[in-house]
Amino acid sequence: TTPENTTVPLRAAVAALPAYVPGARVAPGSGAWKLSSNENPYPPLESVREVIARASGEVNRYPDMYATELVGAIADHVGLAPANVVVGTGSVSVLGHVLQTVVEPGDEVMYAWRSFEAYPIYAAVAGATSVTVPVTADGRHDLPAMAAAVTPRTKVVLVCTPNNPTGPAVHAGELATFLAEVPREVLVVIDEAYLEFVRDPEVPDAVALLRAHPNVVVLRTFSKAYGLAGLRVGYALAPTELASGIRSASTPFGVSGIAQQAALASLAPGAQAELMERVDALVAERNRVVEALRDQGWELPETQANFVWFGLGDATTDRAREATEAGILVRPFAGDGIRVSIGEPEANDAFLKVAAAWR
Ligand code: PMP
């Protein structure tokens, strides 16, 4: 029989959590298109696959705990010192470790809503109280309202840019004003999971902000533009002292040797160039899809990421079912809207037919 109940009470904050709902999985050969998890539709580069195969021969040993080579390569890539880089099992777990490093019980963690669904979960697990500030009607962070909502208990503000799932990115001027207004004891986490897809010139250089503000942390990932979602590698860029704290809070040996080597190989100049060409192709597809949707009469938030957002409200569940029936897996947020990832051109064409039928 399956053991069910336990005599040990769960922490109330954890018992109350909604489950993190992953995008549905696609059975091989089903013919369905998976546009539900903002993944990169391209398979790994041959050079990266070779490195993965080689690294697989060493999995009887623990990996380099601090991923020294990868950390060095990331530091070079972003123009900071290795002491400012912490890698982890996807940027989502790095976020968890960031919160565990600074949050005391009863502290507030603030973020826009709707935003990345892991935020309420990680805030609760860290023992924080979530404070949410609605995004504007066009899916943007309302940074003045967020600055106004800071209290003496605010410990962390999460800024997701581009915002998952609505799409817009925060602009340099508004973020500069926000950083000037927020007390320096409040950590501002800039989550740039989709940075490489941004083409808006008004989006600031987060590393420059990190250099100028000792209360800024930047999160980035190899899951999206670099196409390594299945290997789980992300990182934080942080002031040295904070980076050291995040490292202390991290899961020991959390990034496998295979993941470390694959991420490292993706930063090699040739691979990097090829991967960024693919990103350019995805951005071109995004622009094509957005234009086609506008032609269909949709008014959508301005996406700077590899997905588009449909604020469908109460129609969300029905429209998602129709998409699934048409062989397109999308990501519904019940009562609110549907996020659709940009995939290969064929997938996007198939989705455009669904979107036309939605109208
Ligand atoms: N931040 C945002 C805004 C995301 O959308 C995601 C992925 N859905 C992540 C972080 C986490 O990505 P990963 O853990 O794969 O690095």
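**View 1. An open sheet of 3 strands in the predicted model.** The strands of this sheet follow the order β9-β12-β11, and their pairing is antiparallel. At the edges lie β9 (307–310) and β11 (331–333), each of which pairs on one side only. From one strand to the next, the twist averages 20°.

**View 2. The pairing of β11 with β12.** Strand β12 (residues 337–341) is joined to β11 by 3 bridges, and the two run antiparallel. Within this part of the model, Pro 332 stands opposite Ile 338, a residue of β12. Strands of a sheet pair through backbone hydrogen bonds, in either a parallel or an antiparallel manner.

**View 3. The packing of helix α10 against helix α11.** Helix α10 (residues 257–267) packs with helix α11 (residues 269–295) at an angle of about 80°, and their axes are 5 Å apart. Angles of 65 to 115 degrees count as roughly perpendicular, and α10 and α11 are therefore described as roughly perpendicular to each other. On the α10 side the contact is made by Ala 265, Ser 266 and Leu 267, while α11 contributes Ala 271, Gln 272 and Leu 275. Sorted by class, the residues of this contact comprise 4 nonpolar and 2 polar ones, with no charged residues.

**View 4. The surroundings of the ligand.** The ligand is surrounded by 13 residues, of which the closest are Gly 90, Val 92, Thr 221, Ser 223 and Gly 234. Divided by class, the shell around the ligand holds 5 nonpolar residues, 7 polar residues and 1 charged residue.

How values were computed: Residues numbered from 1 in each chain as written. Predicted model: local features only at pLDDT ≥ 70, side-chain atom pairs only at ≥ 80, totals over all residues. Axes fitted to C-alpha atoms, helices over the stretch in contact; angles between N-to-C directions. Helix = DSSP H or I, 4+ residues; strand = E, 2+ residues; numbered from the N terminus. Parallel < 35°, antiparallel > 145°, perpendicular 65-115°, else oblique. Contact = placed C-beta atoms within 7 Å. Nonpolar A, V, L, I, M, F, W, Y, C, P; charged D, E, K, R; others polar. Pairing = 2+ DSSP bridges. Near = placed C-beta within 6 Å.
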